[in-house]
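Please read the following account alongside the sequence and the coordinates.

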Amino acid sequence: MIGKILKKFDDRFLKSEPRTGDLYAVAALFDTPDEIIHAAEKVSGSGYKRFDVLTPYPVHGMDGAMNLKPSNIGWVGLIAGMSGTSLAFLMIWWMVGVNYPNIFGGKPFFNLPASIPIMFELTVLLSALTLAGSLIAIYMKLPSNANPLMDTEFIKRVTSDKFGIYIEAKDPKFNKDEVEAMFKQLGSSSVSFIHEAVYEVGDTKNPLLNTKFLGALIGSSVITVVITYLVLNVLLFLPPFNWMHYQAKVLPQSESKFFKDGWSMRRPVEGTVARGFIPYEFAGMPDSMVVPTPNPLPVNQKVLDLGKKRYDTYCSPCHGFYGKGDSRLRGQFPVPPTLHSEKVMNWKDANIYHVITNGQNTMPSYASSISRDDRWAIIHYLRVLQRSQNAPDSDLEIK
Ligand code: HEC
């Protein structure tokens with residue numbers, strides 16, 4: 001059933017007309033690998049240069065039989081790859097070193113190690129594209145888009161079960177009758193003459209310049225552009241999602257004509273205090289200078305829950321869940337003293353607030369990660385911990 005359909009398709013579309021062009025090559029088919037090796041040796045030994053062998057699978061020893069020299073395509077790959085490396089190098093140097101120098105993590109504007117991935121990628125990309133492109137160009141003999149071997153009985157056989165060899169008519173030693181006789185003598189099962197195909201392309205010899213072809217090409221590009229534009233910008237255009245995109249605004253690091261210095265990004269006015277970031281008045285001062293303001297938060301369940309949450313998150317890794325100094329950092333950071341010492345028990349809340357806000361010796365400041373209210377809540381919770389770990393006997397008395 002499928003076979004029948006394929007056959008119909010073949011008959012309808014793939015039936016080739018007899019070719020009327022110049023002779024392109026004389027081709028011969030052989031039945032076994034041994035025969036094709038022998039034929040290749042004979043052809044190369046007789047001094048033919050423009051010939052090739054086509055086999056359904058790689059035949060061992062063929063390079064030697066054909067007397068092939070190493071291909072030059074490697075040089076093409078090398079040159080393309082090196083152009084990729086140097087292009088990437090130049091591109092990155094120009095982009096980050098000259099055109100838009102930007103400081104990343106205090107590194108030099110242009111630094112080699114960071115450019116290596118791009119240099120590697122462009123090397124691979126350019127050499128791969130150039131190699132694929134040049135193979136297509138050489139094999140297809142661009143700008144022609146077909147090899148005369150295509151669509152012949154010869155190519156059908158050598159891509160399934162036979163071993164083929166052909167000598168091009170352009171070979172200086174080529175003589176149609178001699179080549180035919182040689183192939184027959186070598187025991188070929190079929191010798192064929194392959195002619196160039198002549199295409200009727202109307203007003204010009206080059207199919208690429210045919211007015212109909214050019215018309216169709218330009219016409220279809222215009223239609224594609226118009227349809228793409230209409231689909232993306234009219235049919236699929238959803239204004240609500242784009243409103244913020246179109247509001248009047250200056251982008252970070254963009255130019256602005258509004259200000260004298262041409263910058264769109266502004267520094268805060270001297271002395272500005274950002275909301276929620278009231279400066280700490282005892283910053284950098286020793287503990288003794290702290291004025292003992294009382295804890296501004298009430299003690300209730302909500303505040304204690306908040307304090308526990310923040311304490312467990314920010315303080316417990318070093319101080320332990322109960323403040324006993326049982327650090328979970330396994331010696332990777334100095335182990336802090338217990339928070340149940342007489343010193344801390346007797347401290348005013350403001351002193352503990354000072355340590356959290358300002359840091360103390362090796363303990364860093366937590367002012368940037370914990371809000372003021374959260375810090376005060378932590379202190380209430382810390383008092384609960386202290387009470388729980390140092391309960392006096394009187395707590396057992398029923399009141
Ligand atoms: C990265 C580990 C680490 C974290 C997290 C940490 N601390 Fe400390 N803390 C220390 C160290 C170490 C010391 C001892 C510093 C010193 O040598 O004076 C200390 C000291 C203290 C002291 C003074 C103790 C004393 O006897 O002088 C208090 C109070 C304190 N921390 C409270 C807190 C609170 C509250 C938090 C959570 C907001 C916290 N710490 C988070 C490491 C830490």
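Helix α12 passes helix α13 in a right-handed crossing, where right-handed denotes that the near helix is turned clockwise from the far one by less than a right angle, and left-handed anticlockwise. The helices named here are DSSP runs of H or I with at least four residues, numbered from the N terminus. This is a predicted model, in which local features need pLDDT of at least 70, side-chain atom pairs count only at pLDDT 80 or more, and totals for chains, interfaces and linings use all residues. Residues are numbered from 1 along each chain as its sequence is written.

The axes of α12 and α13 come within 10 Å and cross at roughly 125°; axes are lines fitted to C-alpha atoms, for helices over the stretch in contact, with angles from 0 to 180 degrees between N-to-C directions. The two helices are therefore oblique to each other, since angles under 35 degrees count as roughly parallel, over 145 as roughly antiparallel, 65 to 115 as roughly perpendicular and the rest as oblique. From α12, D349, I352, Y353, I356 and T357 meet R375, W376, I378, I379 and L382 of α13, contact being defined by C-beta atoms, placed from the backbone, within 7 Å. This contact comprises seven nonpolar, one polar and two charged residues; Ala, Val, Leu, Ile, Met, Phe, Trp, Tyr, Cys and Pro count as nonpolar, Asp, Glu, Lys and Arg as charged, and the others, Gly among them, as polar.

Helix α13 (residues 372-389) also packs with α10 (residues 301-319), their axes coming within 7 Å and crossing at roughly 95°. These two helices are therefore roughly perpendicular. Residues of α10 in the contact include L304, G307 and Y311, and those of α13 include A377, Y381 and V384. By class, 10 nonpolar, two polar and three charged residues form this contact.

Which helix gives the most to the shell around the ligand? It is α10, with five residues, and α10, α11 (342-346), α12 (349-358) and α13 each supply at least two. Of the 24 residues around the ligand, C315, C318, P336, N361 and M363 come nearest, a residue being near if its C-beta atom, placed from the backbone, lies within 6 Å. The shell has 18 nonpolar, five polar and one charged residues.

Elsewhere, α4 (residues 73-99) and α5 (residues 112-140) pack at about 145°, with axes 7 Å apart, and α4 passes α5 in a right-handed crossing. Their contact divides into 13 nonpolar, 10 polar and no charged residues.

The chain averages a pLDDT of 88, and 94% of its residues score at least 70; pLDDT is the predictor's confidence in each residue, from 0 to 100. Among the elements, α10 has the highest mean (95) and α9 (residues 239-246) the lowest (70).

Terms used
Contact = placed C-beta atoms within 7 Å.
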